[in-house]
Every structure is written in C-alpha cells, then in structure tokens.
Amino acid sequence: MRALSAAELLAVWDRGLVQPLWQRALLLLAAACPEVRPETLARLSIGRRNACLLTLREWTFGRQLESLTNCPVCHERLELNFAVADVRVAEALPTIVLAPSAAGEQGQGEEYVLEHSGYRVRFRLPDTLDLTSVLESGQRFEDIPPARTALLARCLLAVERDGEVLASVVLDELPPELITAMLDRMAQVDPQADITLALNCPACRHRWPALFDILSFFWQEIDAWAQRLLDDVHTLASAYGWPEADILALSPHRRQCYLDRIRG
Ligand SMILES: [Zn+2]
C-alpha cells in the first residue's frame, strides 16, 4: 500500500461520487494497492479494510482526526480531537494487503470455529462483498438486528449439532446465546471492524460510547479537500493558463505560494 498523489486522489473522488459508500472504500484501496487484485480487496474483512483506510487517511491528511458531535443529554456541541493511533488496534494491521501474493490465494479469507451449547459452528468474517449484498437486498443498517442477521447468515459456513452436520441452517432457529457468542468472537478476531470512542461531556459529565466510521469520515474529508483543490486549480488556471495536470503535480506548498501571489 502506498500514499496517493493529489491527481490520483482527485480521480478516485471523481469516480466515487456516483458510487455507494462501500464502493468508494474499494476505489480508495484499489488506487493505494495497485499490486493487489480488486477481488482480494473486496474480500478483506471489514476490520482489515478499516485498518487500511486508517493508514491511508494518516498518509493523506495526517495523524490527527477532528470531528464535531452533540452530547445526547445536554446537546452541548463538542469538538472531538484524537489521533489515528488512539483508534488503531495493533492486531488489525493490514497484513494481507502488505503480502499480496499470499492474499491472492486466500479467496474467501480465514475460517473460524466456535463450539458453544452443543453446537460447532464454522464461519468467516464479513467483508465488503457481504455488506454490499446485504445493503443491495434492501436491508438498512439502521435496522441493525435484521441486517446483522443477514450478514451472519452469509458468513456461516457449516453448523454441527451434537456431532451431526445440519443440512440447512435457519439463523433464527439457533440459540440466541450461540449467535451472541459468534458476534463476540467476530468482534474479537476482527477488532477494527467497529471503532468505538469513549466520549464524555465536559458540560454535564455524561459518558457514552460512540461508533466512529472511518470510511464516511475519510470520504467527507476527501470531498471537502477536492472542492478546495478544484477552487485552487480554477484560480491558478485562470491566472497562469496552466493545464490541470500541471497544477495538480505541484506540491501543496508551491500551489499555495502561487495562490498567495495571485491574491496579493
Ligand atoms: Zn452534556
């Protein structure tokens, strides 16, 4: 994986504008990992995908993340300021992407086995293709239980009860504690899939956990950056007549030096 130039990131933004969010993640990773096949990137677990996005975000806009939120109790507007390192889980580092030849052979990714309440379950971790399939089937992630169920069903590879393989498995008919144990195990082996921030409000002292979605956060930043960059290209092209490619090839510092001269 490598950092993207301004021209490459702008091209990803341009192509991603008409794509759903999860496709934008794949466009970003494909541009940053040209040595890895797109199918392999789509098969990365959500945690590993997030780990790659965190690294790419750090290389693109730096290690500090800034965001705004509201306290759910007193509605105070709060500024969040944290580092990529604060939310990065060491075990979730993108080893697959850094070893593309091995990843190419892995296909569906790693399998896990869980034994619980007389059951033996073989499963894999959800990836971008699973998310795409669930969302395209009309499931909405605001309806967390059904979407989770649909995701889990896709990731279930085999179920044995008391040593006997079940021919067909209906997720709703499995014991709820087995499902909970599976979800816990998935969170444990793919810890970067859900990034939770422990927030506390300085005004009313309320404490609460908030999910942080690196994909939508990073894309919003890219969108704002692209709009500013196009403004700068417009200003420089109007003043000097340079083509877009030449302006994008300038370092941000040199672009700014010329903009300062134009603006006096
Ligand atoms: Zn508060």
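Predicted model: local features only at pLDDT ≥ 70, side-chain atom pairs only at ≥ 80, totals over all residues.
**Notebook: looking around Phe218**

Setting aside neighbours within four places in sequence, phenylalanine 218 is in contact with Leu28, Leu53, Leu56, Arg57, Thr60 and Phe61 (contact means heavy atoms within 4.5 Å).

I noted the ground rules: numbering runs from 1 along each chain as its sequence is written, and side-chain values use heavy atoms, leaving out hydrogens and water. Local features need pLDDT of at least 70 and side-chain atom pairs 80 or more, while totals for chains, interfaces and linings use all residues.

Where does phenylalanine 218 sit? I found phenylalanine 218 in helix 11, residues 214–240 (helices are DSSP runs of H or I with at least four residues, strands are E runs of at least two, both numbered from the N terminus).

Buried or exposed? Phenylalanine 218 counts as buried because its relative accessibility is 0% (buried is under 20% relative accessible area, exposed over 50%, partly exposed in between, with a 1.4 Å probe and protein chains only).

I also checked arginine 57: its C-alpha is 6.5 Å from that of phenylalanine 218, though 161 residues separate the two in sequence.

Next, the whole chain. I counted 13 helices and 8 strands, and 39% of the 264 residues are buried.

Last, confidence. The mean pLDDT is 89 (pLDDT is the predictor's confidence in each residue, from 0 to 100). Helix 1 (residues 6–16) is highest at a mean of 98, and helix 7 (residues 100–106) lowest at 38. Residues 94–107 have pLDDT below 50, yet I see 24 contacts there beyond near neighbours in sequence.
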